[in-house]
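Trainee: Could we go through this one together, a few questions at a time?
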Amino acid sequence: MNCSFHPTRPSTTQCPRCRTPLCGPCGDVVLSRGATCPRCPHHERPPAALSRRLLAHLVDSALLAVGVMSLPLLVRFAVPWAGVISLMLVCAALAVEFGWQLGHGRSVGKWLIGLRVVMDSGEPADLLRVIVLRNVLPLVLSAVCGVRFFVDLYYLVTPPHRRLGDRLAATRVVEDPRLER
């Protein structure tokens with residue numbers, strides 16, 4: 001029997017939950033990321049570790065930081081239209097993130113780290129729910145009262161370890177390894 005994700009490779013192991021045949025590299029990824037494969041239902045996937053969520057957030061933030069941090073550098077070297085160029089870089093980063101959400105159902109950081117946002121029921125979260133309820137609404141609340149960081153920190157360290165955006169959108173972040181074809 002061959003691997004379900006690499007048809008040319010023989011299977012050496014299987015997913016412990018759904019018994020999907022896996023080759024050695026796929027088996028290593030699955031077993032290191034919570035013992036479920038991408039074919040397992042989302043509601044059976046383990047919640048993502050806080051450290052992995054933070055790493056995915058840092059990757060996503062780095063994309064936006066390139067545009068924001070380019071402004072002082074461009075101004076320092078007297079680049080014409082520095083503000084416009086910086087704004088275009090920020091818009092490009094947002095377009096990349098939006099495109100990844102549309103195409104892969106998760107942000108660049110979550111894709112790289114192997115995480116996914118799902119509904120509490122285990123179904124994949126729709127794009128509108130992720131963008132508006134999970135990300136934009138907490139930012140608006142933060143702009144109004146300015147304590148979002150502390151509220152998110154409190155929610156992340158207390159069970160069930162879900163930030164304010166996840167609670168508002170009824171979503172959670174789970175392990176979802178990406179197995180390349």
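Predicted model: local features only at pLDDT ≥ 70, side-chain atom pairs only at ≥ 80, totals over all residues.

Trainee: Is Cys 26 buried or exposed?

Mentor: Buried means under 20% relative accessible area, exposed over 50%, and partly exposed in between (1.4 Å probe, protein chains only). Cys 26 has 1% relative accessibility, so it counts as buried.  Cys 23, at 2%, is also buried. For Cys 26, then, the word is buried.

Trainee: How do helices H2 and H3 run relative to each other, roughly parallel or roughly antiparallel?

Mentor: Helices here are DSSP runs (H or I, at least four residues; strands are E, at least two), numbered from the N terminus. H2 (residues 50-76) and H3 (residues 82-104) pack at about 175 degrees with axes 8 Å apart, the axes being lines fitted to C-alpha atoms over the stretch in contact and angles running from 0 to 180 degrees between N-to-C directions. Angles under 35 degrees count as roughly parallel, over 145 as roughly antiparallel, 65 to 115 as roughly perpendicular and the rest as oblique. So H2 and H3 are roughly antiparallel.

Trainee: Which residue's side chain has a polar contact with that of Arg 53?

Mentor: Arg 53 is found in helix H2 and is buried, with a relative accessible area of 12%. A polar contact is a pair of N or O atoms within 3.5 Å; within protein, one must be able to donate a hydrogen and the other to accept it, and residues adjacent in sequence count only if both atoms are side-chain atoms. At 2.8 Å, the partner of Arg 53 is Asp 166.

Trainee: How far apart in space are Leu 22 and Cys 37, C-alpha to C-alpha?

Mentor: Leu 22 lies in strand S2 (residues 21-22) and is buried at 1% relative accessibility. In sequence, Leu 22 and Cys 37 are 15 residues apart. In space, C-alpha to C-alpha, the value is 8.9 Å.

Terms used: Residues numbered from 1 in each chain as written. Heavy atoms only, no water.
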